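Here are my notes for anyone opening this one for the first time. Have a look at the structure, then read the points alongside it.

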Amino acid sequence: MTDFFERQNIARTKTKLLLCYFLPSVALTILGIYFVVAFALAFHGFNSRHHYYLDTVVHPSVIDWQLLSVVSAITIFVVTIAALYKSQQLASGGSAVAAMLGGRRINNNTTDADERRLLNVVEEMAIASGVSVPEVYVLPGEYGINAFVAGHDSKDAGLGVTEGALRMLNRDELQAVVGHEFSHLLNGDMHLNLWLMSFLYGILFISLTGKFLISFDWDGDCSVRRRGRGEGGIILVGVGLFVFGSIGYFFGRLIKSAVCRERERLADAASVQFTRNPQALAGALKKIGGLVYGSRITGAEADEASHLFFSDVMPDSFLGLLSTHPPLDERIRALDPSFNGQFEHITSIPAQQRESGDAPPLIKSVNEIPGITRMPPAAIIQIAQVLNDRTPVVQRRRLTPQHLTYAAGLTASLPPDLSAAAREPFGATALVYAMLLLPDASAREKQLSDLGASANTTLMSAAQQYYSTVCNLTNGQRLALINLATPSLRQMSRLQFDDFSKTVQLLIESDSEISLFEYSIQKTVFRYLEPRFKPSKPTIAQYYAAAGLALECAVLLSALAYQSSANNSEIATAFQTGADDLELPPNKQISLLPPDQCNLAQIDAAVQKITQAALPVKKQILNACALVVACDSLVKEEEAEMLRAIADAIGCPLPPFVSSIGIPEAA
Amino acid sequence: MLYAVFALLALPLLAGVLGFAFYNRLIALRNAYKNAFSQIDVQLKRRHDLIPNIVETAKGYLQHERGTLEEVAAARGAAINAAQAAAAAPGEAAVMTQLNTAETNLTGALTRLFAVAEAYPDLKANQVMLQLMEELTTTENRVSLARQAYNDSVMFYNTAIQKTPANIIANWYHFTPAEFFQIENTTDRQAPPVSFS
């Protein structure tokens, strides 16, 4: 059995290879259409050149380049338009897709034990991977075991499970399934899928056009009727478009299905990496095999979204070539080589019976988890060592079981009233305000008076109530709270969101003394909320080298250096370590900026610009930041969490730093 | 000729694409307000669950105010029914009107109960009662925020289905206007409670 890291690499390489197959398939489709058009022109020529076109058909070596370029231009244009239309339709966000599939959103403060358990599993997974908690949906009345994730990316994702999965899987199996879905989320599979589906629709559109041309009632149109020969030509073109469009679509689907199957293998492997519990995932898959309902989804829209699901939504089609998931026993054998292919028959258990049975979710309290709690000093040194070795910190974005245990411990360590508050909009809003209140009592007074009449008084008084608890939290706990709160904050209406952003702005501007961490928190909140309320086009990378962002890097690194130490020479060394790591060209060298040149406004501008950098550049910059933080060989928890907050603000979330992270993992 | 065909195709195609876009938008807006209602629903349930405890605690002190207590209990029963009906069909005019009345009545009954309770210092000092009151206030705050979110979404939806050309699509597919959720504050109309202290 290959180990799961290797399986992930194989899957990634194969995906790239498969995507290359699309090019010849498009080229062949275009060529096919070209011949149809040439043929039509030859036999129903509208001009004197039809003998010439006859030649191009009879002797294919004579290609009319002009016609070919016209045909390819029109085809590519039509395919692009259709694909853009489809992508617009599909890009409506995870919640829209979940609603289309008939999903019911699980309320964050649900009392149903199974739903609570699912929410806990999802929350832990989200906190462990450092992304905001997605909205969770259940597909009521679907008794098959299946799950899906939808949406653009982690900022606007919806995760759904069928009622069958909710009721019939045990906690470990549910965690494995959720881990599988999170792999799709973290690997950007939704984006890939969106792209594939739109492209396929573009090809399909060619055949739809052909169908339209054939079935269009040409006799009804007098002007066309007069030209009998033209009519025949159009129908011929229609048939040709239909045939070649369909063939192209068929091959496109073959490729897409193959890509999907690779991504599923990748997700299975990643799920095992997250949970280190191959038996749980195998158990979930075996339950699908043993269940009468299998993984079927009965909803009308299910077929269109089949690639989103955990397992096939339809019975096998076309020798499995078109199925979007690898066969069940292959998936199980990859996890459990001893599997004999025999599924144990299980029956669906009605919801009521389960209520008394399986115990409700039990998060172990922090103290029960060995090794990982609030990080002890020894662990801090270890992080410093980890950060100091030159492997890029971002490459350690891998989720491990330690992260999950850490996340479970972290959520359990939150004061219960705060985590309850984070689960509904009122409390979540008040919590964010509370985090932005200043520690100094008189400065806080000023903040509140600056807000004046524009603030919602009940919210502000709730924020003040939470303040005393919030100010005792560690930064890690605060970030976890923010992650928990984002789904609730998404429940605001647009007008409420406008109020919210105005209040946050005022709270910050009231005093420029706000800390870098609080600034980052505010940044993170808006990064997750803005796509919901102000849909904008995804940012296109503008910077492909850190050299273009030299000044911005200087601002960020200087600010971090000042945070890490009070000693001047240490500050300078810290900054230099980070700056060296950027490997800037000689004419773009940066030096430590004086404190007044790296204040909040400048940091804000810098972060804003860095978000527009390409991912590798972001990773490079982030790594330099990590080195600055780790330079003094002593990473306080706050520093580590601040690094995460900055990472999140520039759109490159990091999982929490867990003490055992640097230990090489055995497969 | 080929270009003419493409032009001929383009027009109905464009209309169809636009139609779909409008339809999808309306669906999204409708889902938004229905989703917003589910937030209110949870908080309303919480509020309704708190009330029996409050009545139970107050009972020991308010021997002579049975009428007020019964009124609260009755208003709660009506509100629960109305909330259930509304959860089944959020936004529908008839059920929402029913819910508006029921919740307004419940708020009124509670206000009267608390006004009466002012005269009983023992009750006011009761720890359980204080806790319950605090809980009730929090819940009401949450309801009001969730209600605002719902009303905003309803407003966006109602505006969208009235605008041309979306109104044509709305007519075809029977998108009916949704009803707001408003709890009238009866205290505004009542004489303020007088306390002699």
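1. Let's start with a helix pair in chain A. The axes of helix H24 (residues 550-564) and helix H25 (residues 568-582) of chain A come within 8 Å and cross at roughly 145°. Helices here are DSSP runs of H or I, at least four residues, and strands are runs of E, at least two, numbered from the N terminus. Axes are lines fitted to C-alpha atoms, for helices over the stretch in contact, with angles from 0 to 180 degrees between N-to-C directions.

2. The crossing of H24(A) and H25(A) is right-handed (the near helix is turned clockwise from the far one by less than a right angle). H24(A) brings A:Cys553, A:Leu557, A:Ser558, A:Ala561, A:Tyr562 and A:Ser564 to the contact, while H25(A) brings A:Ile571, A:Ala574, A:Phe575, A:Gly578, A:Ala579 and A:Leu582. Contact means C-beta atoms, placed from the backbone, within 7 Å. By class, the residues of this contact are nine nonpolar, three polar and no charged (nonpolar: Ala, Val, Leu, Ile, Met, Phe, Trp, Tyr, Cys and Pro; charged: Asp, Glu, Lys and Arg; polar: the others, Gly among them).

3. A word on the model itself: it is predicted, with local features needing pLDDT of at least 70 and side-chain atom pairs pLDDT 80 or more, while totals for chains, interfaces and linings use all residues. Residues are numbered from 1 along each chain as its sequence is written, and chains are lettered from A and ligands numbered from 1 in the order written.

4. Now the cores. A:Leu557 turns up again, with A:Leu431, A:Cys625 and A:Val628, among the residues with the most contacts inside the largest nonpolar core, which has 182 residues. A core is a set of buried Ala, Val, Leu, Ile, Met, Phe, Trp, Tyr and Cys residues joined through C-beta atoms within 7 Å, and buried means 20 or more other C-beta atoms within 10 Å of a residue's own. A second, separate core has 32 residues, including A:Ile30 and A:Val237.

5. Chain A has 28 helices and four strands, and 49% of its 667 residues are buried.

6. Chain B has six helices and zero strands. Of its 197 residues, 31% are buried.

7. Finally, where do the chains meet? The contact takes 20 residues from chain B and 24 residues from chain A. On the chain B side, H1(B) gives the largest share, 11 residues.

Note on methods
Two residues are in contact if their C-beta atoms, placed from the backbone, lie within 7 Å. A residue is buried if 20 or more other C-beta atoms lie within 10 Å of its own, exposed if 12 or fewer, and partly exposed in between; C-beta atoms are placed from the backbone.
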